[in-house]
Amino acid sequence: MSTTPQDLLRPDILAMSSYHVPPAAGLVKLDAMENPYALPGALKRALADRLAAVAINRYPAPSYVRLKQLIREKLGVPAGAEVLVGNGSDELITMISVATAKPGATVVAPAPSFVMYDLSTRLAGSRFMPVPLAADLSLDVDAMLAAIAEHRPAVVWLAYPNNPTGDCFRRADVERILAAAPGLVVLDEAYQPFALDSWMDELSRHDHLVVMRTVSKLGLAGIRIGYMAASPRWIAEFDKVRPPYNVSVLDEAAAEFALEHLDVLQAQCARIRDDRERLRAALDAIPGVATFPSRANFVLVRVAGATAVAAGMRERGVLIKDVSRMHPLLADCLRLTVGTPDENAAMLEALRGALAGR
């Protein structure tokens, strides 16, 4: 008699669904918060030459010395802090979740927020305790402090700006959480290039603070490089659960090249920030559309019949993210990535058409 998954796997794994990425062929893809701009042609050719010289027959050097040096120099990691590199932010979240998963450990985060905090916590065997945001999608700091006092969490996750809501929590509220938390407080700054606000400089003031970022939103989503900065004593422990050779030599070389030309990516992000404000103003002018404040590269909107509207936009060639069933606070909400001006115009046209066709 053959063994089945039901015989061997954990019940919570069997009950889960796989992470679904919808096909986007032939569509204007504005569902995943990607930088819509490619590298200029000359830099593409130079990158191709750099990658061609990489010894792909050899394992990566696991310390990533040159890449970490560039991260420190180019991305504002303060002296005294150490850096750990991961295969995207997801792997960093997994490292922290695994390292802190003592029996009975609890993790606290606002909800809705990035789904990987919940998923990685549960897969590691800890308890995830979500704390609902306020009705206006701001941080309910009193509820967060109450949860911290009750559960004494090993980790508090704070996305800054928050995904999928888009805004940064008030710094004074984050300070209160840092003062109250008995364990780690991780500030996930994946969208920092669009917020222009950071807690990186606060690492020396808070020994239990970890700042995590990714280069995905900066314009390198395809190479899967994330990094965290924290006190060396924390990084030394997280490094113990990092898989060997976790970043490929091609990803490492591409990230080094990009950081050597960071000014190009920063100029693209500045353009996205400007286009975000123009897009939000245009959305606010559409009857029946309400926008939320955003300091990321996307705008959260609320429209009646959001799921039907998202389907109507797809029929008109534009793919956006329907988050209306992600959490009760997101009822009738859609998340719209900021694209190029032409992509944004196509999205606005598809949204108007979908609203009219309901």
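Tutor: Leave aside the neighbours of R50 within four places in sequence, and R50 is in contact with A253, E256, F257 and E260. This is a predicted model. R50 itself sits in helix α3, residues 41-52. Along the chain, R50 and A254 are 204 residues apart, yet their C-alpha atoms are separated by 7.9 Å. Is R50 buried, exposed or in between? Its relative accessible area is 29%, so R50 is partly exposed.

Compare that with E202. E202 counts as buried, at 17% relative accessibility, because buried means under 20%. Its place is in the loop between α9 (192-195) and β7 (209-214). Not counting residues up to four places away in sequence, E202 touches R171, E175 and L209.

In soluble globular proteins, nonpolar side chains tend to be buried together. The largest nonpolar core here has 93 residues, and I177 and L283 touch the most other members. Helix α13, residues 262-284, gives this core its largest share, seven residues. What does I177 touch, once neighbours within four places in sequence are set aside? The list is L139, V141, M144, L145, I148, V156, L158 and V185. A second core is separate and has 21 residues, including I96, M212, A230 and I235.

Now take helix packing. Two packed helices are described by the angle between their axes and the distance between the axes. The axes of α13 and helix α15 (residues 341-356) come within 11 Å and cross at roughly 20°. Angles under 35 degrees count as roughly parallel, and α13 and α15 are therefore roughly parallel to each other. Their crossing is right-handed. On the α13 side, R271, D275, L279, A282 and L283 make the contact, and they meet P341, N344, M347, L348 and L351 in α15. By type, the residues of this contact of α13 with α15 are seven nonpolar, one polar and two charged.

Next, helix α5 (residues 88-99) and helix α6 (residues 115-124). They pack at an angle of about 40°, with axes 9 Å apart. α5 and α6 are therefore oblique to each other. The crossing of α5 and α6 is right-handed. From α5, the contact uses D90, I93, T94, S97 and V98; from α6, it uses M116, Y117, S120, T121 and A124. The contact of α5 with α6 divides into five nonpolar residues, four polar and one charged.

Last, the backbone. Most residues other than glycine have a negative phi, and most peptide bonds are trans. Which bond joins A111 and P112? A cis peptide bond, with omega about 5°. P112 lies in the loop between β3 (106-111) and α6. The peptide bond from Y160 to P161 is also cis, and its omega is near 0°. P161 is in the loop between β5 (155-159) and α8 (171-180).

R152 is in the loop between α7 (141-151) and β5. D332 lies in the loop between β12 (321-322) and β13 (333-337). At 32% relative accessibility, D332 counts as partly exposed.

Note on methods: Residues numbered from 1 in each chain as written. Predicted model: local features only at pLDDT ≥ 70, side-chain atom pairs only at ≥ 80, totals over all residues. Heavy atoms only, no water. Core = buried A, V, L, I, M, F, W, Y, C linked by side-chain atoms within 4.5 Å. Buried < 20%, exposed > 50% of the residue type's maximum accessible area, 1.4 Å probe, protein only. Helix = DSSP H or I, 4+ residues; strand = E, 2+ residues; numbered from the N terminus. Contact = heavy atoms within 4.5 Å. Axes fitted to C-alpha atoms, helices over the stretch in contact; angles between N-to-C directions. Parallel < 35°, antiparallel > 145°, perpendicular 65-115°, else oblique. Left-handed = near helix turned anticlockwise from the far one by under 90°. Nonpolar A, V, L, I, M, F, W, Y, C, P; charged D, E, K, R; others polar.
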